[in-house]
Amino acid sequence: MPVAASGPTASAVSGQGAGPLLRAWRERRRLSQLELALRADSSARHISFVETGRSRPSEEMVLRLAEQLQVPVRERNSLLLAAGYAPRFPETPLDDPALDALREGLERLIRCYEPYPALVVDAGYTVVAANRGIAMLLEGVPEELMAPAPNAMRLTLHPEGLAPRIRNLREWRGHLLAQMEREIALHRSDRLRALYEEVAAYPVPEEPDGAEPGEPVPYFALPMCIEHAGRTLSFVSSISTFNTPMDVTVAELAVETFLPADPATAKYLHTLAG
């Protein structure tokens, strides 16, 4: 499965200013210079001059264009550097005391979601927090996949992870790989590209013994159908991110929750929780 082209990086245009980067982002968003100018309260002529290096954009203009182009926070710092300005957005380690309230809030949030599964991942899908619902799904997964920093994609798609238990693995695998492709195109991350190439190369296990299609169910979204203790549980996932983040670390965190897709799954989880 091909991965979307990542486009030029900041290092690739080093010494050329912010213009090539801004042009790459505009083309990725399929906007004309005029459309971008109207959104950013500028002119097509000025946008053209910025992209070709004939005009150096102000710091405010760089940020305004980045906002209209929906450039990720990390890449906004790269744009500012390329334009000759200091980065605006810090990258605070998640274990820094300054983020204590954030970590505590996230942990409280996913605990409140129990008995349904929920977890928090970073931009590379490393799991930074998970609740007991996730622990239930991961029962029996080998320790080497769990430590030292478990990765959600690896845990899900590895043939010794959850993959053999996922009844609709081909569909769910396709969904996850397509999601990663979109993220690679957006963030241009070498780390994420390497992870994609790893998990896409995993062999797809055979369907579990006794697996049958069963009667069609009118799901409202693609479910993950997974076996647990002899039962098939169905979940649909939802991903939440922070609104207007001012820190790179915070901008790259995502909370993924798994909602029961049918009454039987909800009843089973509540029974397990007592």
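To begin with one place: which residue lies over the face of Phe 49, and at what distance from the ring centre?

Modeller: Please note that this is a predicted model. Arg 54 lies over the face of Phe 49, at 4.1 Å from the ring centre. Another arginine is placed over a ring as well: the charged end of Arg 28 sits over the ring of Trp 25, 4.4 Å from the centre of that ring.

From charges over rings we may turn to rings paired with rings. The count of aromatic pairs comes to 2. One of them joins Tyr 113 and Tyr 116, with ring centres 5.7 Å apart. Their planes meet at 75°, so this pair is edge-to-face, since planes over 60 degrees apart are classed in that way. Tyr 113 has 22% relative accessibility and therefore counts as partly exposed. Tyr 116, at 18% relative accessibility, counts as buried, because the limit for buried is under 20%.

Phe 235 and Phe 258 also form an aromatic pair; it is edge-to-face, with 6.4 Å from centre to centre and 85° between the planes. This pair links distant parts of the chain, the two residues being 23 residues apart. Phe 235 belongs to strand β4 (residues 231–240), while Phe 258 belongs to strand β5 (residues 254–260). Phe 235 is buried, its relative accessible area being 0%. Phe 258, at 7% relative accessibility, likewise counts as buried.

Definitions and conventions:
Residues numbered from 1 in each chain as written. Predicted model: local features only at pLDDT ≥ 70, side-chain atom pairs only at ≥ 80, totals over all residues. Heavy atoms only, no water. Phe/Tyr/Trp six-rings, centres within 6.5 Å; stacked < 30°, edge-to-face > 60°. Buried < 20%, exposed > 50% of the residue type's maximum accessible area, 1.4 Å probe, protein only. Helix = DSSP H or I, 4+ residues; strand = E, 2+ residues; numbered from the N terminus. Lys NZ or Arg CZ within 6 Å of the ring centre and 35° of its normal.
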